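Here's a walk through one protein, written for someone meeting a structure like this for the first time. Keep the picture open while you read.

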Amino acid sequence: MAKLTKNQKAVVAKYEPSKLYEISEACGLLKEITFTKFDASVELAVNLGVDPRKANQMVRGVVTLPHGTGKVTRVLVLCTADKENEAKEAGADYVGLDEYIEKIKGGWTDVDVIICTPSVMAKVGPIGRILGPRGLMPNPKTGTVTMDIANAVKDVKAGKIDFKVDKTGIVHCAVGKVSFTAEQIYDNVKAVLSAIAKLKPQALKGTYMKSAAVCTTMSPGVKLDVKGFVAE
């Protein structure tokens, strides 16, 4: 058996893989068991007792993280000329229409969020096969198809994220950076869990939140006691 490094020994001493931690305790522990030289991302995974194949059990929503994601979000706004200044003043990184649609057709997707107005959806639709698999397709349900371009851009820049249950029934999302304080990570995690809790499908029978865990880019997952959270 390979010898444990100094950092690995520190993790073993502080962390119990099978234990369910209170959310606040878990957020503090993450900072103690992460030893990366870069500012690692903090991620939340929630295992839901839903069947994503059924339309009435699909879980998808948006939430604004109280302390943002900790990373710079690159925003592309696809709109007509009359909305371009509004988008630029709100802080969009890229603004245009036809030229960016052609770039995307050529394989360019170097952005994190795409926002557009309803009037250009006819042009955006054909590139859905490129944007969809990358999670970039604008959608009215997530507020990325709107006439209020300014507020949409500001919300995204401030930490608004969208989440969606995957085919295995799990919601994955980034909730900050390890450089955040434990309290900031806690606030962001709780905001996401609250948003997910409110989206419980009426058709669901049985346990909704089966389990949840937080981790950083290179740390083990810390299991959360979500039963106490759901009971709040």
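## Starting at glycine 128

Let's begin with one residue and its contacts, where contact means heavy atoms within 4.5 Å. Glycine 128 touches Pro133 and Met137, leaving out residues up to four places away in sequence. You'll find glycine 128 in helix α6 (residues 128-131). Helices here are DSSP runs of H or I with at least four residues, strands are runs of E with at least two, and both are numbered from the N terminus.

Is glycine 128 buried or exposed? Glycine 128 is buried, because its relative accessible area is 18%, and buried means under 20%, exposed over 50%, and partly exposed in between (1.4 Å probe, protein chains only). Glycine 128 and proline 138 are 10 residues apart in sequence, and their C-alpha atoms are 8.8 Å apart in space.

## What you're looking at

This is a predicted model, so local features need pLDDT of at least 70 and side-chain atom pairs count only at pLDDT 80 or more, while totals for chains, interfaces and linings use all residues. Residues are numbered from 1 along each chain as its sequence is written, and side-chain values use heavy atoms, with hydrogens and water left out.

Now zoom out. The protein has 9 helices and 9 strands, and its C-alpha atoms fill a box of roughly 60 × 45 × 35 Å along the principal axes. Of its 232 residues, 44% are buried. If you take the contacts with a separation of 6 or more, 72% of them come from residues 24 or more positions apart.

How far apart are the end C-alpha atoms of helix α8 (residues 182-198)? They're 24 Å apart, which agrees with the 24 Å that its 17 residues should span at 1.5 Å a residue. The expected span is 1.5 Å times one less than the number of residues. Among the buried residues of α8 are Asn188, Ala191, Val192 and Ile196.

Helix α2 (residues 23-32) meets α8, with axes that come within 9 Å and cross at roughly 130°. Axes are lines fitted to C-alpha atoms, for helices over the stretch in contact, and angles run from 0 to 180 degrees between N-to-C directions. The two helices are therefore oblique to each other; angles under 35 degrees count as roughly parallel, over 145 as roughly antiparallel, 65 to 115 as roughly perpendicular, and the rest as oblique. On the α2 side you'll see Ile23, Ser24, Cys27, Gly28 and Lys31, which meet Ala182, Ile185, Tyr186, Val189 and Leu193 in α8. By class, that contact has 7 nonpolar, 2 polar and 1 charged residues. Nonpolar covers Ala, Val, Leu, Ile, Met, Phe, Trp, Tyr, Cys and Pro, charged covers Asp, Glu, Lys and Arg, and the others, Gly among them, count as polar.

## Helices α3 and α7

Here's another helix pair to look for. The axes of α3 (residues 81-90) and α7 (residues 149-158) come within 8 Å and cross at roughly 25°. That makes α3 roughly parallel to α7. From α3, the contact uses Lys83, Glu86, Ala87 and Ala90, and from α7 it uses Ile149, Ala150, Val153 and Lys154. Those residues divide into 5 nonpolar, no polar and 3 charged.

Follow the chain past α7 and you reach glycine 159, in the loop between α7 and β6 (160-164). Glycine 159 counts as buried because its relative accessibility is 3%. Not counting residues up to four places away in sequence, glycine 159 touches Val63, Thr64, Leu65, Gly68 and Thr69.

Threonine 216 sits in strand β8 (residues 209-216) and is buried, with a relative accessible area of 2%. Leaving aside neighbours within four places in sequence, its contacts include Leu30, Ala40 and Val178.

Histidine 172, in strand β7 (residues 170-177), counts as exposed at 51% relative accessibility. Beyond its neighbours within four places in sequence, histidine 172 is in contact with Leu44, Ala45 and Asp166.
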